[in-house]
Structures are given as structure tokens and as C-alpha cells.
Amino acid sequence: MIDRRFSVDLPVDGDDETAQLGRSLLELGNALQRTFQETETLAKVTERINAGLTLDEVLDLVFESFRPIIPYERIGFSLLEEDGTIVKERWARTDAEEIVLPHGYQCPLERTSLGEIIRRGTPRIINDLEAYLREHPGSETTKMIVQEGMRSSLTCPLIAMGKPIGFMFFDSAQRNAYREVHTGLFQQIAGQLSMIVEKGRLYQRLVELDEVKNRFLGIAAHDLRSPITVFKGFLAILLRGVLGDVAQEQKDVMQRMSRACEGMLALINDLLDVSAIQSGKLTLEKQEVDLAAFLRELHETTALLAKEKAIEMRLETEPGMPRVSLDRNRISQVINNLVTNAIKFSNPRTVVILSARRDGDRVLVAVADQGPGIPPGEIPNLFAEFTKTSVKPTAGEKSTGLGLAIVKRLVEAHDGEVWAESRLGEGSTFKFTLPLAPGS
């Protein structure tokens, strides 16, 4: 028995003490064998559950796995809905030729005897369903189960985090199938499934709340952008003197107001991008692009930004660059974001390099600066929303903390990867990959 061999030859004939001891040991061995088999089966099911199976797959697994140790020809699974007032059949599987209890069948909890099971919190056993039906002729579910050929049942309450969420039904075609069973195993199975259901419900609720948040962000940002754009337009009219001369002092104030509007518009646009990406509404208009020519266009624009800060902007591409399939506007947004960051954290009279080369079946694009670098502990969180490093921009430029998060999502939407490499005092390099166009 120590070696998990529970069936052993023992002297059991006769009425002497040795035979009595032998029979007792055999009974003990059989009990241990059942317990071991139950524990092993439950452990295997638990392992499969933790591997990420869906609820339906887990229930199918339960139906197939526990036959050697639990009597049943049918298993049903129902959940409480509408604040616990409705019992709704969620899943069922049976050996019966005909399923009488329809999928999705529901009825008010108060019209059933299941409320008592919830109040007790323990399984209920009915060893003669036909006799029970004679005593409770109004029980529609019992009537349908009996029509399917079931003659005894064991009902387990499903409890998750102290809250009843439903029921699990084991039914057998034999009367008295559950007369001598221990309900502990049934409760363990029900407990495992209760946690799966509750996790699924919490995850669904989280998804719904996230969708509400994204819709709110999108609506709020969109509604804010219009008045700020109008306000900025009126400031431009005033600064040009269209409505009359403006004193220099007034111009200085208006220019500050205009810059503040630009910062707010940048934040709103970033919020709109984040909202579109997270809600799955981001659409890409991909086309085959000559990457070298595409980068030359971007280099000309970003070089002007760098020049304002006395920074040299270089472009380095290897000969014969392949064509790449991308959304021009979105990848322009990615590169402009990375280059703007590089300029923001670089000192005058340094160099920012935009480069590209082929890397197997992909192209590798990089933006390198000669700035102060990023502390190693802060690199893993660079691409999270609203994350800023301890490194300060060299000219006090502002940041929303959303740019790199948007970069990551846009690159991943192109089936690419993005990452950062940095050494303190030597600068940082941000790299991302894009797949080649078909046939390149």
C-alpha cells in the first residue's frame, strides 16, 4: 500500500483474527484505491483547467474523466442570472438517446427547490426521481429528466467567493446510485468549476468596462478637439493683425496660449489614437512602399525639427532596400514620434540617426540619439500608457506619456516588434521591425 499497490493477496478465509484482519485490510485497500483514483483524476482535470481550457471544454473533460469513479449518465450545469432570481441551463451532456430538457431552459429560482440547496450550501441527493416526481408533480425539470431515463440525481451548489452562482447536476439511470457515495469529490469538482465561471464573468465585466472607458475617451477627446481648434484659429487671426494692431506684450501672451493649445491638441490626438487602438477600431490602409524613398521624405521633415535645436539629423540606409507593406500615415506617425523623442532628449551639436537595413524576412528601422540614456530599470515600462522616465528633456519640452504606447500598438498592428536599447551617458536607440512586402 505504501507503494500505491492497493490490491494485495491476503488470507481472508475463516473466522480467526488473521482472516478478519485480512478482510479489513482489503476493505482499507479498496477505499484507498478509490480515494487515490479520485485524487489523481481531480488533479489531472485541475491541471487541464489551469492550462486555459474553456468552460465547455472543461465540462466535456469532466464528463469523460470521472466515469470510473462516479456514477452518472448525465451531467448538467446551470447558472444563476438576473441577480440570482433566474436559473438558466448553461451546458448539459447525456448518454440518453433523446435530450428532453432543452438547451438554455430557464425558470424563476423561487419556483424550484434549488433555493434550499443554496441556503444549506451542501449537495442534495435524490435516489428515486420517480418517487420524488410523484410527491412534487409541479417540478418541470424533474419531469423532463425522468423522461430522459434518469432515476437518481445529486445536485451540487456552485459557490464562488462565498456567493452562489449556479448548480451542477449529476444524474444516473439507476435508482439509489448515490446512496453510499461521498459528496466530497462532487463538491471539489463543483468548486473548481465555480472558480472558472466566476473568473470568466469577471473577465467579461472587465472587457465591458474597458469598452465603456474607450468609448468615453473617444467621445470626450473628439468633443474637446473642435473647440480647441477653433480657439487656436482665432488666436492665429489675432496674431496676424487681421482684426487690428496687437501690442507686442499681447502677442507674447497669445503665442503662449497658442502653444498651450498645440499641447492640448497633441494630447487629445494621442487619446483618440489610444481609444481607437484599444477598442479595436484601428484600421490600416497598407500599400507596398519603397522604404528608402519613404524614409528620405520623413528625413527631410524631421531634419528641420532637429535644425531648430542645432542637432544634426542623418539618414543611413543600405543599398537595394526591399519594398515593405505598410500604412504610410501610421508608420510616419511611429517614426516622427521616435525622432521627436530623440530630438527632445538630445543636446545641441549632437547627432540623431535614422537608419534602416534588411534583417532576414524583415526590415529593421532604428532611431539613435546621443542623449543621456535611460536607466536600465525604466526600460521595461517605456511602452506603457502614461509612463515617463526620470530623464528630463534638454529644453523643457512637454510629453503626454502616450507616444511610445501608441508606437508599440501601431508597430504590432503591422505584425512588427519594437524595443529600446540604452546605455547611460551614451544615448538610446529605439528599433522596430516590419515584414517585407510579398515577393520582395
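Biologist: Where does Asp83 lie?
Modeller: Asp83 lies in the loop between strand 1 (74-81) and strand 2. Bear in mind that this is a predicted model.

Biologist: Is Asp83 buried or exposed?
Modeller: Asp83 counts as exposed, because its relative accessibility is 83% and the cut-off for exposed is over 50%.

Biologist: How far apart are Asp83 and Ile165, in sequence and in space?
Modeller: In sequence, Asp83 and Ile165 are 82 residues apart. In space they are 9.6 Å apart, C-alpha to C-alpha.

Biologist: On to the sheet. What is the strand order?
Modeller: The order is 3-2-1-6-5-4, with six strands forming an open sheet. The pairing is antiparallel.

Biologist: Which strands stand at the edges?
Modeller: Strand 3 (106-108) and strand 4 do. Each has a single partner strand, so one side of each is left without a neighbour in the sheet.

Biologist: By how much are neighbouring strands turned against each other?
Modeller: On average by 20°, with direction ignored.

Biologist: How many bridges are there between strand 1 and strand 6?
Modeller: Strand 1 and strand 6 pair over six bridges, in the antiparallel sense. As one of the residue pairings, Ile75 has Phe170 in strand 6 as its bridge partner.

Biologist: Which strands does helix 2 touch?
Modeller: Helix 2 packs on the sheet and touches strand 1, strand 2 and strand 6. The direction of helix 2 makes about 50° with that of strand 2.

Biologist: Change of topic. How many salt bridges does the structure hold?
Modeller: The structure holds 16 salt bridges. One of them joins the side chains of Glu64 and Arg93, at 2.3 Å from N to O. That pair links distant parts of the chain, with Glu64 in helix 2 (residues 55-65) and Arg93 in strand 2 (residues 86-94), 29 residues apart.

Biologist: What is the accessibility of Glu64 and of Arg93?
Modeller: Glu64 has a relative accessible area of 44% and is partly exposed. Arg93 is also partly exposed, with 26%.

Biologist: What about Arg175, which residue does it bridge to at 3.6 Å?
Modeller: Asp128, with 3.6 Å between the closest N and O atoms.

Biologist: Which residues are joined into one network by shared partners?
Modeller: Salt bridges that share partners join Asp128, Glu130, Arg151 and Arg175. Two of these residues, Arg175 at 45% and Asp128 at 27%, are partly exposed.

Biologist: Why is Arg151 classed as buried?
Modeller: Arg151 is buried because its relative accessible area is 18%, and the cut-off is under 20%.

Biologist: Where is Arg151 found, and what does it touch?
Modeller: Arg151 is in the loop between helix 5 (140-147) and strand 5 (152-160). Leaving aside residues up to four places away in sequence, Arg151 touches several residues, including Asp128, Glu130, Ser172 and Arg175. Val146 is among them too, and its backbone oxygen lies 3.1 Å from a polar atom of the Arg151 side chain.

Biologist: Last topic, aromatics. How many pairs are there?
Modeller: The structure holds four aromatic pairs. In one of them, the ring centres of Phe63 and Tyr72 are 5.6 Å apart and the planes are at 55°, so the pair is tilted. Both Phe63 and Tyr72 are buried.

Biologist: What is the geometry of Phe383 and Phe430?
Modeller: That aromatic pair is edge-to-face, with 6.2 Å centre to centre and 75° between the planes. Phe383 is in the loop between strand 11 (362-368) and helix 10 (403-413), and Phe430 is in strand 13 (residues 427-435), 47 residues apart. Phe383 is buried at 13% relative accessible area, and Phe430 is buried at 10%.

Biologist: Which residues do ring pairs link into a cluster?
Modeller: Phe63, Tyr72 and Phe170.

Technical notes
Residues are numbered from 1 along each chain as its sequence is written. This is a predicted model: local features need pLDDT of at least 70, side-chain atom pairs count only at pLDDT 80 or more; totals for chains, interfaces and linings use all residues. Side-chain values use heavy atoms; hydrogens and water are left out. Helices (H or I, at least four residues) and strands (E, at least two) are DSSP runs, numbered from the N terminus. Buried means under 20% relative accessible area, exposed over 50%, partly exposed in between (1.4 Å probe, protein chains only). A polar contact is a pair of N or O atoms within 3.5 Å; within protein, one must be able to donate a hydrogen and the other to accept it, and residues adjacent in sequence count only if both atoms are side-chain atoms. Contact means heavy atoms within 4.5 Å. A salt bridge is a side-chain nitrogen of Lys or Arg within 4 Å of a carboxyl oxygen of Asp or Glu. Rings of Phe, Tyr and Trp (its six-membered ring) pair if their centres lie within 6.5 Å; planes under 30 degrees apart count as stacked, over 60 as edge-to-face and the rest as tilted. Two strands pair if DSSP finds at least two bridges between them. Axes are lines fitted to C-alpha atoms, for helices over the stretch in contact, and angles run from 0 to 180 degrees between N-to-C directions.
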